[in-house]
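These are my notebook entries on a single protein chain.

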Amino acid sequence: MTYAEFVNLVERLWDEIPEAFKRGLQGVHVFPEAKPEPGLKDVWRLGEYLDPGPPSAFRGFEGLGRHIALYYGSFLQVAGPGFDWEGEVWETLLHELRHHLESLAGRDDLVREDLRRLAEFRRGGPPSAGG
């Protein structure tokens, strides 16, 4: 899949999500590069939710807004024969959208779950499925 095809796929899937779930979100950005997971060899971050958090005393976050980032290069790193591009992009978009909705609700359940799975991975085990 080319970068342009990937962007078109992301745009098509994004358009399928009801606007109510995108409230307060500035948008989705698709970056061509891969994003390695810090400190882990051959582990790639497919996407992330970028929330500037509360404004600083110096107003450093004013106007920045909340975004979802997807990394085309990371998808390329993990894609093998039979890779389900649409399924993986959809799953990643919904995962990051859940981060956004939890942030709006003042929750961090998924953040804690992600951190727990990452800690398991760093200890040498595969991240467990489920909760």
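**Entry 1: criteria and source.** I call a residue buried under 20% relative accessible area, exposed over 50%, and partly exposed in between (1.4 Å probe, protein chains only). The model is predicted, and I took local features at pLDDT of at least 70 and side-chain atom pairs only at pLDDT 80 or more, while totals for chains, interfaces and linings use all residues. Residues are numbered from 1 along each chain as its sequence is written, and side-chain values use heavy atoms, with hydrogens and water left out.

**Entry 2: the chain as a whole.** I listed 4 helices and 3 strands; these are DSSP runs, helices being H or I of at least four residues and strands E of at least two, numbered from the N terminus. Along the sequence I read the pattern α-β-β-β-α-α-α. Of the 131 residues in the chain, 31% are buried. The exposed surface comes to about 8100 Å², and carbon and sulfur atoms supply 56% of it; accessible areas come from the Shrake-Rupley method with a 1.4 Å probe, and for residues only the protein chains shown count as cover. I then took contacts (heavy atoms within 4.5 Å). Among those between residues at least 6 apart in sequence, 59% join residues at least 24 apart.

Entry 3: In what order do the strands of the open sheet lie? I found the order 1-3-2, with mixed pairing among the 3 strands. Strand 1 (25–31) and strand 2 (47–50) stand at the edges with a single partner strand each, so one side of each has no neighbour in the sheet. The twist from one strand to the next averages 15 degrees. Strand 2 pairs with strand 3 (residues 66–71) in the antiparallel sense, over 4 bridges; I count two strands as paired if DSSP finds at least two bridges between them. Glu 48 stands opposite Ala 69 in strand 3.

**Entry 4: helices against the sheet.** I noted that helix 1 (residues 3–15) lies across strand 1 and strand 3, and runs at about 155 degrees to strand 1. Helix 3 lies across strand 1, strand 2 and strand 3, at about 160 degrees to strand 3. For these angles, axes are lines fitted to C-alpha atoms, for helices over the stretch in contact, and angles run from 0 to 180 degrees between N-to-C directions.

**Entry 5: His 99.** Is His 99 buried or exposed? His 99 sits in helix 3, and I record it as buried because its relative accessible area is 11%. Leaving aside neighbours within four places in sequence, His 99 is in contact with Tyr 49, Leu 110, Val 111 and Asp 114.

**Entry 6: salt bridges.** My search of the whole structure gave 13 salt bridges, each being a side-chain nitrogen of Lys or Arg within 4 Å of a carboxyl oxygen of Asp or Glu.

- Glu 86 and Arg 12 form a salt bridge, with the closest N and O atoms 2.8 Å apart. This pair links distant parts of the chain, as Glu 86 is in helix 3 and Arg 12 in helix 1, 74 residues apart. Glu 86 is partly exposed at 38%, and Arg 12 is partly exposed at 38%.
- Arg 45 and Glu 37 form another salt bridge, at 2.8 Å between the closest N and O atoms. Arg 45 is partly exposed at 23%, whereas Glu 37 is buried at 10%. Lys 35, Glu 37, Arg 45 and Glu 48 are linked in a network of salt bridges.
- Arg 116 and Glu 120 form a salt bridge, with the closest N and O atoms 2.7 Å apart. They are 4 residues apart in helix 4 (residues 109–122), so about one helical turn separates them. Arg 116 is partly exposed because its relative accessibility is 28%, and Glu 120 is buried at 18%.

**Entry 7: a nonpolar patch.** Which residues make the nonpolar surface patch of about 230 Å²? I found Phe 21, Leu 101 and Leu 104. Patches are made of residues with over 30% relative accessible area and no salt bridge; like charges are joined within 9 Å, and nonpolar side chains (Val, Leu, Ile, Met, Phe, Trp, Tyr) within 5 Å. Leu 101 belongs to helix 3 (residues 85–104) and is partly exposed, with a relative accessible area of 31%.

**Entry 8: Pro 52.** I placed Pro 52 in the loop between strand 2 and strand 3. Pro 52 counts as buried, because its relative accessibility is 18%. Pro 52 and Arg 66 are 14 residues apart in sequence, and 6.7 Å apart in space from C-alpha to C-alpha.
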